Amino acid sequence: MTFLLQPKRYKRRIVCGFLFLTSVLYVVYSFGTNGTPVPNCFQITLPPDDDVLEDIQQSSPQPTDDGRNVFFHETSCSKDGIIRLNARQACAIESAARANPEWNVYVLFAAPVGFRNRTAQPIIEALLEYRNVHLRFVNLTTYANETPLEEWMQNGEIFRSLYMNSHLSDVMRYLTLYKYGGTYLDLDVIVRQSFEKMEPNYAGAESVRWVAAGVMNLETKGHGHELADMCVRDLLANFNGKDWGNNGPGVITRVLQKYCHTHSTVHMTRERCRHFTVYPISAFYAIGYEDYRQFFETAYLDQALTTLNHSIVVHVWNKFSKNHPVVVGSRVAYGVLADQYCPKVYRSCGPVF
């Protein structure tokens, strides 16, 4: 009986050995010989006839030293290399460009993407009517070079995150402000007022405890760059790929708690925070995520618009609200705001915004 079982045992060993070898080869070819996992969708090679976006690090115009730069990041992992922005993302970009016509607005894609048929994307065509809107891509293999995150990015920690797209956006916003300075905005906002008269170096409170990371401004030099440096070093020390909020609002909150010597956003005044302002909740996050339905229901229209009356930027909490449609022309707060602040996109997006 023992003799009869022996071949089966050898067969299991052969199968296990084959599976192990396959796993090793998968790791080598998926993550590279240096152990850095770079998903293929961030390394697409596009046909030469495609209208491919320029690398932000080599393109013109470059972000300016005077801080008149607005940055958005689109960090979806592209599978076909085609530029894609939905109407709400395009609305955020248009509203920023309209409110700040003398500023350059950069939309940074985390993959090399391009156009196949521009006329098939009317919302992007509407965006490109603004001369201050620039679509660019970010080379993830070189973007962190000569920054505190250079080795960390090369090690590929970001690509092992459970929330890779979201956490890549978190990393890129701090890295971009470190490299260039200016204003970072989430793609689920509407800009209602110009940033021109706002003193540089600011963010906004989401609550008494948390400073949010959806609207941030840091100067290229001085106090702003000092804070940007603290933020990227906090990421380096505290990055957690299993915690959704740790690497976005968690970073700016921790840094400002140290910088301002307080754990309360109410006490994070410009005097206490050495030339940095934490705006009150009403400035950027007047309607909290728990009340996001106020943007989408007719019954809340007047209440929502009253709440947002003093807001500089409106944040609509895409994580929670993305599946709530807005019929173009309907009297809901999000639609009314879009019609006013991103009219070209709103009127070119079709029946549903």
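Tutor: A disulfide is a pair of cysteine sulfur atoms within 2.5 Å. This is a predicted model, in which local features need pLDDT of at least 70, side-chain atom pairs count only at pLDDT 80 or more, and totals for chains, interfaces and linings use all residues. Residues are numbered from 1 along each chain as its sequence is written, and side-chain values use heavy atoms, with hydrogens and water left out.

Student: What makes the link of Cys91 to Cys342 a disulfide?

Tutor: The S to S distance of Cys91 and Cys342 is 2.1 Å, so the pair meets the cut-off. The torsion about the S-S bond is -85°, and the link is left-handed. Cys91 sits in helix H2 (residues 87–99), while Cys342 is in the loop between helix H11 (333–341) and helix H12 (343–346), 251 residues apart. Helices (H or I, at least four residues) and strands (E, at least two) are DSSP runs, numbered from the N terminus.

Student: How many disulfides does the structure hold, and which cysteine is joined to Cys260?

Tutor: There are 2 disulfides. Cys260 is joined to Cys273, with an S to S distance of 2.0 Å. The torsion about the S-S bond of Cys260 and Cys273 is about 125°, so this disulfide is right-handed. Cys260 lies in helix H7 and Cys273 in the loop between H7 and strand E11, so the pair ties together parts 13 residues apart in sequence.

Student: Why does Cys273 count as buried?

Tutor: Buried means under 20% relative accessible area, exposed over 50%, and partly exposed in between (1.4 Å probe, protein chains only). The relative accessibility of Cys273 is 0%, so Cys273 counts as buried. Cys260 is also buried at 0%.

Student: How do you know whether Cys349 is in a disulfide or in none?

Tutor: The nearest cysteine sulfur to that of Cys349 belongs to Cys342 and is 8.3 Å away.

Student: How do you know whether the span of helix H7 agrees with its number of residues?

Tutor: The expected span of a helix is 1.5 Å times one less than its number of residues. H7 (residues 249–260) has 12 residues and should therefore span 16 Å; its end C-alpha atoms are 16 Å apart, which agrees. After H7 comes His261, with a positive phi near 60°.

Student: What makes H7 mostly covered, and which elements do its buried residues pack against?

Tutor: In H7, 9 of the 12 residues are buried, including Val251, Leu256 and Tyr259. Their packing partners are helix H5 (164–179), strand E10 (211–218), helix H6 (222–238) and strand E11 (277–279). Val251 itself is buried at 0%. Val251 is in contact (heavy atoms within 4.5 Å) with Tyr174, Cys231, Asp234, Leu235 and Asn246, not counting residues up to four places away in sequence.

Student: Why is E10 called largely enclosed?

Tutor: 8 of the 8 residues of E10 are buried, so the rest of the structure largely encloses this strand.

Student: What makes E7 and E10 a pair?

Tutor: Two strands pair if DSSP finds at least two bridges between them. E7 and E10 have 4 bridges in the antiparallel sense, so they qualify. In that pairing Leu185 stands opposite Val215 in E10. Strand E9 (residues 202–205) is also joined to E10 by 4 bridges and runs antiparallel to it; E9 and E10 form a hairpin with 5 residues between them.

Student: Which strands are the edge strands of the open sheet?

Tutor: The sheet has 8 strands in the order E2-E6-E4-E3-E7-E10-E9-E11, with mixed pairing. Strand E2 (54–55) and E11 are the edge strands, as each pairs on one side only. H5 packs on the sheet, touching strand E3 (69–74), E4, strand E7 (182–185) and E10, and its direction makes about 25° with that of E10. The angle is between N-to-C directions (0 to 180 degrees), with axes fitted to C-alpha atoms, for helices over the stretch in contact.

Student: What makes the side chains of His315 and Asp188 a polar contact?

Tutor: A polar contact is a pair of N or O atoms within 3.5 Å; within protein, one must be able to donate a hydrogen and the other to accept it, and residues adjacent in sequence count only if both atoms are side-chain atoms. The two side chains are 3.2 Å apart in their contact, so the distance falls inside the cut-off. His315 lies in strand E12 (residues 313–315) and is buried at 5%.
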